[in-house]
Amino acid sequence: MPGPVMAMVMVIIVETMFFGGLISAYILAKIAEVEWPPAGQPRLPFWLTFSNMIVLLISGILMYRFFKSYKTGNKSLKYLTFASILGIVFFLVQGFEWLRILLFGIKTEPSLFGSFFYTLIGMHGLHVLAGLLVIRYLYKYLKNPSKTEEQKVHVVTAVALFWYFVVLLWPVLYYLTYLV
Amino acid sequence: MSTTHENKGFWHRFFFSLDHKDIGLQYLITTMFIAFFAGIFAMVFRIHLAFPDYHIPLFGIIDAKEYNILVTNHGLIMVLWLSMGILLATAGNYLIPTMLGTDDMAFPKLNKLSYWFFLLSVIILIISFFLPQKGFGGGWTLYPPLSVGDFGYNTPYKTFSDRFFSSNTFVLLAIALEFVALLMGGINFMVTLFNKRAKGMGLLQVPLLVWMIVIASILFMFSVGPLVAGTFMLLLDINAGTGFYDASRGGDPLLWEHLFWFFGHPEVYVILLPGLGILAEVITTNARKTLFGYKFILVLVLIATVLSLMVWAHHQFVAGVDPRAATVFGILTIIISLPFAGVILSFLATLWKSNLRLTLPMKWAMSAIVLFTILGGFTGLHLGAALFDMYAHDTSFVVAHFHYTLIPVVIFAGMAGFYHWFNKFSGRELNQFLGNLHFWLTFIFFNGFGIPLFLLGLAGQPRRYAGYDHIPYLSEGYLPLLREIATISAVILVLSQFIFIFNFIWSVYKGKKVTSNNPWQSTTLEWQTSSPPPHGNFEVYPVVYHGPYEYNRPGVDKDFLPQNQKI
Ligand code: HEM
Ligand SMILES: [Cu+2]
C-alpha cells in the first residue's frame with residue numbers, strides 16, 4: 001500500500017475508534033434514561049438536516065468521481081471543486097443550526113441529551129472542517145511541479161478516503177441523534 | 001539522498017533536524033529529563049510513607065495534598081511519558097530505519113512534528129505544576145469526580161478561567177498532545193516497515209524489535225481512540241458544564257473507567273512488546289544462537305494483541321462490573337498470559353545450551369526475563385482471578401505487581417537496549433565498572449523495594465494513602481519495618497540511577513572511542529555501518545540475504561553471518 005494511503009487508513013481507524021467511544025457512551029446513556037430526548041425541550045429540525053445530509057452525500061459521490069477520473073489520467077479538478085462547494089454548504093448550514101440550537105434550544109441539563117448532541121454533532125463538524133482544509137491542501141499539492149504523478153494519485157486517494165469517512169459518518173450520527 | 005555528514009550545530013541538531021537519529025536522541029533526552037522528576041517524586045513520597053516526621057530536603061514534611069500530587073504525577077509520567085517515550089519513540093526512531101537498512105523514516109517531516117508535539121506535551125505538563133492547584137492530584141488514572149472538580153483544593157473553581165487554567169485541564173491537554181505525537185510516530189513506524197526495507201529484506205527477515213514496535217504502535221492506534229473521546233468529554237465536563245461523568249445529572253463516572261482501561265490495558269502491552277523486542281535482539285546476540293521460533297513469537301503476539309482489547313474490566317472488578325462479565329474478563333485475562341508464556345519459553349529455548357556471553361546488556365536482559373516472569377506476570381495471573389482481586393485490589397500488592405511488570409520491561413529491558421546500542425549511537429564505550437555497579441544496585445534494591453510491597457499488600461495495606469500511622473493494624477509487628485525497608489531500597493534505587501546518568505554523560509564525551517563498528521559481532525544491519533551512522537545511515541545501502549539471527553550457522557567460518565553478507 002502506498003505510504004500516504006496506509007497512513008490515512010490508520011488515521012481512519014483511530015477516528016473510527018474515537019467516534020466508536022463517543023457513540024457507545026451515547027447509547028449507554030440513552031438506555032439508562034426513560035425519556036429520550038428529554039421532555040419539554042425543543043425538537044430537532046428534522047427536514048433541514050435531512051436535506052443537508054443529501055448535500056453531503058452528493059459531495060461524497062462527486063469526490064468519488066473526481067478520484068476515479070484523476071486516477072485514469074483526467075486531471076480536471078472540476079468535480080473536486082463541486083465536492084468541496086457542497087462540503088462548505090453542509091458545514092455552514094450545520095454550523096448555523098448547531099449554534100442556533102446552542103443559543104436558543106436544548107440545554108445540557110437535566111439530562112445528557114444536550115451534552116451528547118453538541119459533542120457528537122460538533123465533533124463531526126470539526127471533522128468536516130478538517131476535511132475541507134485537507135482539500136485546500138490538495139489543491140496546492142496538485143499544483144506543485146516537483147511532485148510526480150504517482151505521488152499525486154496517492155495523495156488524492158488518501159484525501160478522498162478521509163472525505164468518504166466524514167461523509168459516511170454523518171448518516172450514522174444523524175440516525176442516532178435526530179431519528180432515534 | 002545525501003550520505004555526507006551534515007555539519008550540524010547544537011541547536012540545529014536538537015531542535016530542527018529531520019534526521020531520525022537526531023529525533024530519537026531528542027526523545028531520549030526529553031524523556032529522561034521528565035522522568036528524572038518522576039523519580040524524585042517517588043523518592044519523596046516514599047520517604048513520607050515510612051518516615052512521616054522526617055524533614056525531606058527541599059520538600060519539608062509533605063501533607064496529604066502534596067502526597068497526592070507527587071504520586072499522581074509519578075505514575076502519569078512513568079507510564080505515559082517515560083515508558084512510551086523510551087520504548088516506542090526513542091527505540092523506534094533510532095533503530096527502525098537503521099535496522100531496516102534505509103536512510104530515514106517514510107515521512108521525516110511528520111516525524112519532526114511528532115517530536116514537537118511531544119515536547120509541547122511535556123511543557124504543558126510542567127506548567128500544570130505552576131497553576132493554582134500546584135499540580136493534579138486525582139490519581140494517575142484520572143477517575144472522575146476527582147479529575148473534574150477541585151476536590152481538596154483551597155481555590156474553588158468559579159469562572160471559566162479558573163477551570164481552564166487548572167492543573168486538571170492542563171494534565172488532560174498534555175496527555176492528548178502526547179497521544180497525537182505518538183500517533184504520528186506510530187504511523188511513520190508502520191509505513192517505514194512496510195515500504196522502506198532494504199533491498200532483499202522480506203517481511204519475515206525483519207528484526208523482531210522492529211515488528212514489536214510496529215505491532216505496539218498499531219495496538220496503540222486501535223485502543224487510544226476511545227480514551228481520547230473520554231478525555232475530550234472530561235475536558236468538556238470541566239470547562240463547558242456538560243455532565244457526562246456526573247451521576248447527579250444522569251452521567252456515569254464508571255464510563256470513564258471503561259474508556260480509560262479500554263486503552264489502559266492494551267497500553268501495558270504497548271510498553272511490553274518493544275521491551276520483548278529489545279530482549280530478543282540482546283539475547284540472540286549474546287547467546288550466539290538464532291531466535292527460537294521467530295514466526296511462532298509473531299503469531300503469539302498477534303493473538304495477545306487482539307485479546308488485549310477484551311480484558312480491560314479486570315481493573316474494575318471492585319468498581320462494579322456484572323459478575324457474569326467479571327467471569328468472562330477474568331478468564332480472558334488468564335488466557336492472555338498464555339501467549340506471553342510462549343514468548344518467554346521461546347527466549348528460554350534460545351538460551352538453552354548456548355555459549356552464553358554474560359555481557360552487561362545480557363545481565364540486564366536475563367534479569368528482566370526472570371523478574372518479569374516470576375514476580376510480574378505470575379502475580380498478574382492471580383489478580384486476574386476476580387476472587388483474589390477483590391482482596392488485593394487497591395493494596396500495595398497491586399503496586400508491587402505493576403512495578404514488577406513495568407520496571408523489568410522499561411528499566412531492565414530498556415537498560416539492556418541502552419547498554420547494547422550505546423556504542424552504536426555515541427561511537428564510544430560505556431564505562432564497564434560504573435555499568436556493573438548500576439546494574440547490581442538496581443537489581444538488589446529494586447527487589448528490596450518490591451518484595452516488601454507484596455507482603456504489605458497481603459497484610460492489607462491500602463495504596464494511595466498518604467500515611468498509615470492512624471491505622472492500628474498497619475502499625476503493628478513487622479509491617480512498619482517492611483515499609484522502611486521498601487523506602488530505603490527505593491531511595492537507593494533512585495539514587496543509583498544517578499550513576500547511570502553520570503556514566504552516560506561522561507562516556508558520551510570522554511568514553512573510549514569504539515574500535516569496531518560491530519563490537520558484539522551482531523548480525524542485524526545497524527551494526528554493519530559506522531558508529532554513529534552517518535546522515536543517511538549507510539555509505540552503501542545494504543542488500544539483505546538472510547534472516548536477522550544467523551549465529552553459528554554451519555559452513556560459515558565466523559560464528560555470525562550479517563544479514564547483508566553473502567555466504
Ligand atoms: C524509580 C523507582 C520507582 C520507585 C521508587 C517507585 C515507587 C512507587 C511507589 C511506592 C508507588 C505507590 C504509591 C502508593 O500508592 O502508595 C508507585 C506508584 C506508581 N508507580 Fe512507581 N516507582 C518507581 C518507578 C516506576 C516506573 C518505572 C513506573 C512505570 C513505568 C512506575 C509506575 C507507577 C505507577 C503507574 C504508579 C501508580 C500511581 C498511582 O497509583 O497513583 N513507577 N511507585
Ligand atoms: Cu490490565
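1. Polar contacts between the chains: across the interface of chain A and chain B, the rule finds one residue pair in polar contact, both residues at pLDDT 80 or more. A polar contact here is a pair of N or O atoms within 3.5 Å; within protein, one must be able to donate a hydrogen and the other to accept it, and residues adjacent in sequence count only if both atoms are side-chain atoms. Salt bridges between chain A and chain B come to zero. For that term, read a side-chain nitrogen of Lys or Arg within 4 Å of a carboxyl oxygen of Asp or Glu.

2. Ground rules, before you go further. This is a predicted model, where local features need pLDDT of at least 70, side-chain atom pairs count only at pLDDT 80 or more, and totals for chains, interfaces and linings use all residues; side-chain values use heavy atoms, with hydrogens and water left out. Residues are numbered from 1 along each chain as its sequence is written, while chains are lettered from A and ligands numbered from 1 in the order in which they are written.

3. What chain A and chain B share. The two chains bury about 2,100 Å² between them, 80% of it on carbon and sulfur atoms. Buried area is the accessible area (1.4 Å probe) that two parts lose on being put together, summed over both. The contact (heavy atoms within 4.5 Å) takes 24 residues from chain A and 28 residues from chain B.

4. On the side that touches chain B, α1 (3-31) and α4 (113-143) of chain A each supply at least two residues. The largest share, 13 residues, comes from α1(A). By class, this side divides into 17 nonpolar, six polar and one charged. Helices are DSSP runs (H or I, at least four residues), as are strands (E, at least two), numbered from the N terminus. Ala, Val, Leu, Ile, Met, Phe, Trp, Tyr, Cys and Pro count as nonpolar, Asp, Glu, Lys and Arg as charged, and the others, Gly among them, as polar.

5. Ligand 1 is worth a look. It is surrounded by 23 residues, each with a heavy atom within 4 Å of it; the closest are Tyr67(B), His74(B), His403(B), Arg463(B) and Arg464(B). An N or O atom in the side chain of Arg463(B) is 2.3 Å from an oxygen atom of ligand 1. For Tyr67(B), the corresponding side-chain atom is 3.0 Å from a ligand oxygen, and a polar side-chain atom of His74(B) lies 2.8 Å from a ligand nitrogen.

6. The shell as a whole: 16 nonpolar, four polar and three charged residues. In chain B, α2 (20-50), α3 (64-99), α14 (396-426) and α16 (479-510) each supply at least two residues, and α3(B) gives the most, with seven.

7. In one, Asp103(B) pairs with Lys196(B), the closest N and O atoms being 3.0 Å apart. That pair links distant parts of the chain, 93 residues apart: Asp103(B) is in the loop between α3 and α4 (108-127), Lys196(B) in the loop between α6 (167-195) and α7 (208-239).

8. A cis peptide bond joins Pro144(B) and Pro145(B), with omega about 0 degrees; Pro145(B) is in the loop between α4 and α5 (160-164) of chain B. Leu58(B), not a glycine, has a positive phi of about 75 degrees.

9. Confidence: the predictor gives the complex an ipTM of 0.93 and a pTM of 0.92.
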